[in-house]
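Trainee: Could you go through this one with me, helix by helix and then loop by loop? I have the sequence and the model open.

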Amino acid sequence: TKEASLKIAETAFEIAQSRSINKNRISKVHVIHKANVMKITDGIFLDACRNISLKYKNINYEEMLVDACAAHLVRKPEQFDVIVTTNMFGDILSDLATELSGSLGLAGSLNAGKKYAMAQAQHGAAPDIAGKNIANPISLILSAAMLLDWLGKNRKIDKLISASNLINNSVLELLKHKENFTRDLGGNASTSKITENLIKIL
C-alpha cells in the first residue's frame, strides 16, 4: 500500500541518516524494485521512495531493478549501504547478502513497526539441527542486539543502545578467532562453546 511504502521508505532514510552521522560520511539508499513489470504494486512503492527521498538531500539515492541488484551483490557488494525493497524481494536479497558474508548464521533480523518489534534469527528455526549443539547462535544474538537498539531508541534508554553496541562489538571480536567458527563457517565449535566464549568477551 501507499501508506506502508511511505513508512518503510522513511525508515530506510532514517537508518541511512543515522549511519551518516555515526560513520562521518554520506550514506546511500538503494531502492530495489521491478516496477517495469509489476507496474502497479512496485510503482506505488517506487513513487513512495522517490517522494521520501526529496526530504533527505544529504543521502545519496539510487534505484536498481531487483535482478540487477542480485548480480551487483555478488559482483560489487561494497557499493551498497542501505537497501529498501518490498517484502518478497527483501526475503530473497537478504539471504543472498547474508550468505555472501559467510553464512545465514551471521545475520541479525528485526521485524519493527512504530510501536512493536520482534527479533528473530535471519535463518528461521532450523529444526533439522535442533538439540544437536551445532547451530550458530550469532544470528539470534545479533537479532537480540538489534531489538535492544530499537527499544533504546524508541524509549530513549541509552543503556539499551550501549548494550546493543557492546554485543555487536563483542561478536566482531569473537569472530576474529577461527576456534569460534561453527560448522556453517567451516569450523567445529559447538553452540554452547562459542556462547561461553562470547560471554567472556562481554
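Trainee: Which residues are buried in helix α7?
Mentor: Bearing in mind that this is a predicted model, the buried residues of α7, which covers residues 191-201, are T191, I194, N197 and L198. Seen down the axis of α7, these buried residues fall within an arc of 135°, so they line one face of the helix.

Trainee: And what sits on the face turned away from the buried side?
Mentor: That face of α7 carries the exposed residues I199 and K200.

Trainee: What do the buried residues of α7 pack against?
Mentor: They pack against two helices, namely α5, residues 138-155, and α6, residues 158-174.

Trainee: Let's take α6 then. At what angle do α6 and α7 pack?
Mentor: In general, two packed helices are described by the angle between their axes and the distance between the axes. For α6 and α7 the angle is about 120°, and their axes are 9 Å apart. That angle makes α6 oblique to α7, and α6 passes α7 in a right-handed crossing.

Trainee: Which residues meet there?
Mentor: From α6 there are S170, V171, E173 and L174, and they meet I194, N197, L198 and I201 of α7. Sorted by class, the residues of this contact of α6 with α7 comprise five nonpolar, two polar and one charged.

Trainee: Now the other pair. How do α5 and α6 lie relative to each other, roughly parallel or roughly antiparallel?
Mentor: The axes of α5 and α6 cross at roughly 155° and come within 7 Å, and with angles over 145 degrees counting as roughly antiparallel, the two helices are therefore roughly antiparallel to each other. As for handedness, α5 passes α6 in a left-handed crossing.

Trainee: Which residues make that contact?
Mentor: On the α5 side the contact involves I138, I141, L142, A145, M146, L148, D149, L151, G152 and K153, while α6 supplies L160, I161, A163, S164, I167, N168, V171 and L174. By class, the contact of α5 with α6 has 13 nonpolar, three polar and two charged residues.

Trainee: Is K156 buried or exposed?
Mentor: K156 is exposed, with a relative accessible area of 73%.

Trainee: What about N133, where does that residue lie?
Mentor: N133 lies in the loop between β5, residues 117-119, and α5. N133 has a positive phi of about 60° although it is not a glycine, and at 37% relative accessibility N133 counts as partly exposed.

Trainee: What is I83 in contact with, leaving aside its neighbours within four places in sequence?
Mentor: With those neighbours left aside, I83 is in contact with H30, I32, C69 and L73.

Terms used: Residues are numbered from 1 along each chain as its sequence is written. This is a predicted model: local features need pLDDT of at least 70, side-chain atom pairs count only at pLDDT 80 or more; totals for chains, interfaces and linings use all residues. Side-chain values use heavy atoms; hydrogens and water are left out. Buried means under 20% relative accessible area, exposed over 50%, partly exposed in between (1.4 Å probe, protein chains only). Helices (H or I, at least four residues) and strands (E, at least two) are DSSP runs, numbered from the N terminus. The arc is that of the directions from the helix axis to the C-beta atoms. Contact means heavy atoms within 4.5 Å. Axes are lines fitted to C-alpha atoms, for helices over the stretch in contact, and angles run from 0 to 180 degrees between N-to-C directions. Angles under 35 degrees count as roughly parallel, over 145 as roughly antiparallel, 65 to 115 as roughly perpendicular and the rest as oblique. A crossing is left-handed if the near helix is turned anticlockwise from the far one by less than a right angle, and right-handed if clockwise. Ala, Val, Leu, Ile, Met, Phe, Trp, Tyr, Cys and Pro count as nonpolar, Asp, Glu, Lys and Arg as charged, and the others, Gly among them, as polar.
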